[in-house]
Amino acid sequence: MVVFAGKWHAAANAASISAVAIVASMALFGVFLTLSGANPFGVFESIYRGAFGSWFAWQNTLQLAAPLMLTALCTALPARLGMIVIGGEGALIMGGIAAVAAALALPHAPASSVIAAMMLAGMVAGGIWVGLAGALRAYRGVNETISSLLLNYIAIALMNHLVTGPMRDPEMVNRPSSWHIGDANMIRSIPGMDVHWGLVFGLVACVAAFVLMYSTVFGFAARMVGGNVRAARTAGLPVPMLTITACIIGGAAAGLAGMVEVAAVHGRVSSSLVVGYGYTGILVAFIARQNPLAIVPTAALLGGINASSGLIQRTHDLPDATVLVMQGIIFLMILVSEPLFGRFALFQREPV
Amino acid sequence: MDNVIPLGWWGVPLAVLSGAIRAGTPFIFVSLGECLTEKSGRINLGLEGTLVMGAMSAYGISYLTGSPWLGVLVAGASGMVLGALHAWACSRPQVNDIAVGIALMVFGTGLAFYLGKPFVQPQAPGLPAIDFGWWSNHSQVRAALQVNALFFVGLVLAPLMRWALYNTRWGLAVRAAGDSADAAQSLGYRVDRIRLISTVIGGFLAGIGGAFLSLYFPGSWNEGLSSGQGLMAVALVIFARWDPILCFLASLLFGGASAIGPALQSVGITSGYYLFNAAPYVLTLLLMVATSSRRRLMKGTPGELGVGK
Amino acid sequence: MTYRYKSSRRSFIRAATAGAAGVLAYNWGVLNANAANEVIVGALYVGPKTDYGWNQAHAEGVATLKKAGIKVVEEERVPETIQVAKSMESMIKLDKVNLIFATSFGYWDQMLKTAEKFPNVQFLHAAPTVWKEGMPKNAGSYNGYIDEAQYISGIVAGHASKTGKLGFVGAKPYPASLRNINSFTLGARAVNPKATTQVIFTGDWVLPVKEAEAVNSLADQGIDVVTCHVDSPKVVVETAEKRGIFSCGYHMNQSVLAPKGYLTGAEWNWEKVYADYVQWLREGKQWPHLVRGGLKERIVRNSPYGNAVSEKARKQADAVRNKFITGDFVIYKGPIKDNTGKTVIAAGESHGQTDVGLESMNWLVDGVIGSTSG
């Protein structure tokens with residue numbers, strides 16, 4: 001095992017390996033494009049143009065990255081303890097439902113209170129949802145990947161039931177949706193930008209998660225559990241509590257993403273909430289190697305790829321699935337480059 | 001059109017039965033494939049991507065060559081390739097098989113949609129069915145008893161797999177690799193190779209499951225074809241405690257459950273529709289909770305899997 | 001022993017700065033070309049363009065514009081989230097689009113927001129949404145009374161059905177679907193007053209497995225003609241053909257998929273609407289914020305009759321179609337009861353197609369087996 005005397009070097013090492021993996025996946029993707037008759041350089045240029053080539057493109061990218069930052073935490077935080085949770089989608093949906101319920105429960109309160117209530121409700125709902133998977137793992141040994149997957153489907157079914165039944169807004173005849181939270185309670189754009197405040201929520205959440213994981217006792221204990229469960233138990237760490245807490249916090253982040261989608265974009269809960277932000281968040285978490293700070297640029301990368309999808313379609317007459325293929329390749333390359341961590345001589349030490 | 005006597009309430013069990021067979025067959029194949037893979041100690045979540053890729057390639061090949069059975073074979077082959085990719089990626093040190101599975105799910109689905117665009121419109125020759133209802137006067141009964149040959153392949157495959165797992169040396173090797181890699185290695189088995197073969201066979205079966213969807217029921221290729229059947233199969237395998245025969249029965253159960261909704265509506269029951277949809281997932285979750293335990297592994301869990309532990 | 005790093009912090013910062021500078025330089029170098037004053041169309045679809053259904057009908061309408069030499073950019077599978085607004089903006093900024101067709105119901109809110117930002121671009125929404133005073137002037141909606149074509153389908157179905165039982169596979173019980181179901185049933189009942197339509201809702205717009213199951217259950221109940229209102233009728237029509245029952249298509253012509261059983265279909269004729277919009281834009285004319293029409297305005301049409309359609313059926317259907325075209329025919333003329341026995345349209349009352357009240361229909365006509373809830 002290679003030891004990096006400086007945290008800085010470890011981070012640079014990780015970043016450069018990830019960068020190399022991404023470059024390699026782009027090369028592979030370029031081969032794929034050539035084989036299927038497209039012009040790889042043209043496509044890369046379009047990706048760049050659509051994602052980072054102008055202020056408009058950047059805003060588009062950041063906007064799409066915002067929910068990903070939050071849902072990625074849902075996978076990244078429990079992953080630090082060695083769990084693989086894929087329940088971001090379900091937590092997002094539950095968060096959205098709870099946010100609308102909170103807004104409806106406070107019809108006359110001032111907007112700031114309603115927004116605060118919605119945030120709280122979204123986080124609590126998401127936290128409970130994923131926390132349930134964590135509890136099942138901690139106390140019953142139920143595999144958290146499968147349970148969080150099942151909870152995703154259950155959340156979708158619950159949402160459908162609610163918006164066609166108890167929470168249905170009869171005015172929305174053409175599309176089953178819940179009641180609107182009220183225009184005054186919507187989250188606006190950051191002044192001077194065309195991006196809503198959800199971006200800030202995402203940034204703050206990632207920084208907070210990073211601080212939590214690396215500068216607090218909780219974080220230290222959690223990472224110990226992730227390193228070696230048995231040793232952690234022997235050391236007397238409360239493993240079940242740590243497990244559940246990590247899941248609750250991760251779920252709260254995804255639930256907040258749901259609240260943001262409702263409060264900043266749609267104003268209501270409907271099937272428009274189920275667009276795969278949870279699943280893409282899993283990708284972001286893994287590409288960022290479960291590091292909350294790295295999630296920010298990774299979410300921007302994936303947000304950028306998605307942002308450029310439209311331009312790729314239009315300019316090159318390629319199907320929208322093109323970006324799916326690219327994401328899959330990047331994800332795979334990052335995963336298989338895992339063992340390379342620590343091999344690059346550039347970041348090793350040499351005796352003086 | 002001959003005797004069409006409305007069945008009324010009898011329509012429901014008939015629909016559930018034929019739906020169980022029709023909608024359950026893809027589950028049979030994917031779950032048997034996943035069962036084998038998991039028995040050898042790996043979870044392959046990428047089977048969703050393999051299923052979709054299999055569906056697309058089967059449809060495409062059938063359209064281009066006119067032979068649906070060739071399409072089935074190619075679907076299996078594409079599944080083998082994706083399975084091999086999964087096995088290779090997972091065999092590298094420190095790589096997590098669940099993450100690789102998700103990556104392959106994204107990749108497989110994306111690739112299938114990408115290559116499958118030209119095949120959404122055209123009609124490809126589908127797989128034929130064997131008529132088991134020739135004795136009936138009711139055209140509905142006859143239609144319900146039209147069973148595809150692949151169902152019978154699955155019917156035979158399940159007990160065959162079970163027998164092979166517990167009565168052959170190869171089966172022993174697979175189970176050893178799945179229960180304890182160290183023990184298997186000390187017995188002289190090459191664990192990685194066993195897992196590679198199991199995952200490849202698993203991918204083959206999942207690809208065939210996809211072919212069934214696009215070439216028989218619903219018998220069409222489009223991007224909404226799979227509603228998570230591949231992922232559900234993973235849950236299904238756990239539900240069935242890694243027993244191939246229980247996998248077969250559970251597949252029929254899940255298949256029947258998806259047919260119940262429309263069938264009930266056709267006799268007038270319409271409310272709570274979405275909650276019905278959640279039933280299989282809730283059932284699986286409850287079952288997992290009931291049978292898992294913190295201390296002991298769920299009975300039948302392959303030890304290396306990390307599930308139920 | 002002390003250690004020294006093979007790389008130093010300084011060298012890393014240098015590398016990073018060089019990289020960033022390179023990126024900035026590239027950005028400065030990208031210039032936008034200015035396009036001439038022409039109509040450039042942007043179309044957004046919620047699903048794939050080749051779905052043999054809703055999206056393809058729009059794509060084919062747009063394709064006629066392409067053939068006429070107009071520049072068109074299209075994006076498919078645009079989800080109904082903020083991405084719609086971003087895609088539209090991207091089309092406007094990067095492709096200089098000035099006429100946008102947003103072809104999915106869920107695009108309305110984002111479309112309005114984007115319309116406010118770009119007053120020189122025209123935004124059209126393909127849905128029964130209603131433009132009101134106060135909304136951006138450069139937005140509007142267009143829709144067709146396809147239920148007129150479904151009425152005709154109903155007549156043909158009524159003649160073709162031997163059991164008098166018809167089936168309808170719907171996605172969700174929303175007004176446009178209910179209107180289709182009702183028109184279809186009323187058309188069939190004009191031929192056979194005892195005809196019934198069994199409805200099954202699958203729950204969502206694209207669920208091929210459930211759609212196939214639904215057709216099978218309907219066929220099991222003795223139904224011998226089905227039609228549908230889902231995004232892609234391909235599965236419904238093909239499954240009907242496999243079960244040996246008749247089918248009436250929807251959105252566009254699916255007769256190729258069911259050579260024996262396809263009777264006719266209710267189709268959109270978006271070519272006309274799109275050509276009109278381009279024309280209005282070119283002439284700088286003020287265009288209506290609400291474009292509606294049926295068979296008369298040639299916004300909808302029926303597929304050519306299949307082989308199984310009898311002479312008698314054709315005559316009656318054609319006669320009714322002519323009445324639509326001359327504007328003499330009203331489908332929703334009282335007394336009409338719904339399937340719970342309530343009178344929803346009183347005797348003497350008559351609701352023409354343009355009656356906005358019809359656009360929030362929430363009942364099923366007598367003769368329909370099924371419910372509007374769930």
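Trainee: Why is the pair Asp320(A) and Lys117(B) called a salt bridge?

Mentor: A salt bridge needs a side-chain nitrogen of Lys or Arg within 4 Å of a carboxyl oxygen of Asp or Glu. The closest N and O atoms of Asp320(A) and Lys117(B) are 3.3 Å apart, so the pair meets that limit. The count between chain A and chain B is one salt bridge. Before going on: this is a predicted model, in which local features need pLDDT of at least 70, side-chain atom pairs count only at pLDDT 80 or more, and totals for chains, interfaces and linings use all residues. Residues are numbered from 1 along each chain as its sequence is written, chains are lettered from A and ligands numbered from 1 in the order in which they are written, and side-chain values use heavy atoms, with hydrogens and water left out.

Trainee: How many residues of chain A and chain B are in contact?

Mentor: Contact means heavy atoms within 4.5 Å. By that rule 45 residues of chain A are in contact with 47 residues of chain B. Five residue pairs between the two chains, both residues at pLDDT 80 or more, are in polar contact. That term means a pair of N or O atoms within 3.5 Å; within protein, one must be able to donate a hydrogen and the other to accept it, and residues adjacent in sequence count only if both atoms are side-chain atoms.

Trainee: Which helix supplies the largest share of the side of chain A that touches chain B?

Mentor: H6(A), with twelve residues. Helices here are DSSP runs of H or I of at least four residues, strands are runs of E of at least two, and both are numbered from the N terminus. By class, this side of chain A has 30 nonpolar, eleven polar and four charged residues. Ala, Val, Leu, Ile, Met, Phe, Trp, Tyr, Cys and Pro count as nonpolar, Asp, Glu, Lys and Arg as charged, and the others, Gly among them, as polar.

Trainee: What area do chain A and chain B bury between them?

Mentor: About 4000 Å², 77% of it on carbon and sulfur atoms. Buried area is the accessible area (1.4 Å probe) that two parts lose on being put together, summed over both. Arg140(A), Leu150(A) and Tyr153(A) supply 14% of what chain A buries against chain B, more than any other three residues.

Trainee: What makes S3 and S12 of chain C edge strands?

Mentor: Two strands pair if DSSP finds at least two bridges between them. The open sheet has the order S3-S2-S4-S5-S6-S12, with parallel pairing, and strands S3 (71–75) and S12 (290–293) each pair on one side only. Strand S6 (139–144) and S12(C) share four bridges, and in S12(C) the bridge partner of Tyr142(C) is Val291(C).

Trainee: Where does helix H3 of chain C lie?

Mentor: Helix H3 (82–95) lies across S2, S3, S4 and S5 of chain C, at about 160° to S2(C). Axes are lines fitted to C-alpha atoms, for helices over the stretch in contact, and angles run from 0 to 180 degrees between N-to-C directions.

Trainee: Why is one side of S13 and of S18 of chain C left without a neighbour in the sheet?

Mentor: Their sheet is open and has seven strands in the order S13-S11-S10-S9-S7-S8-S18, with mixed pairing. S13 (300–302) and S18 (368–369) stand at the edges with a single partner strand each, so one side of each has no neighbour. Elsewhere in that sheet, six bridges join S7 (165–170) to S8 (196–201), which run parallel.
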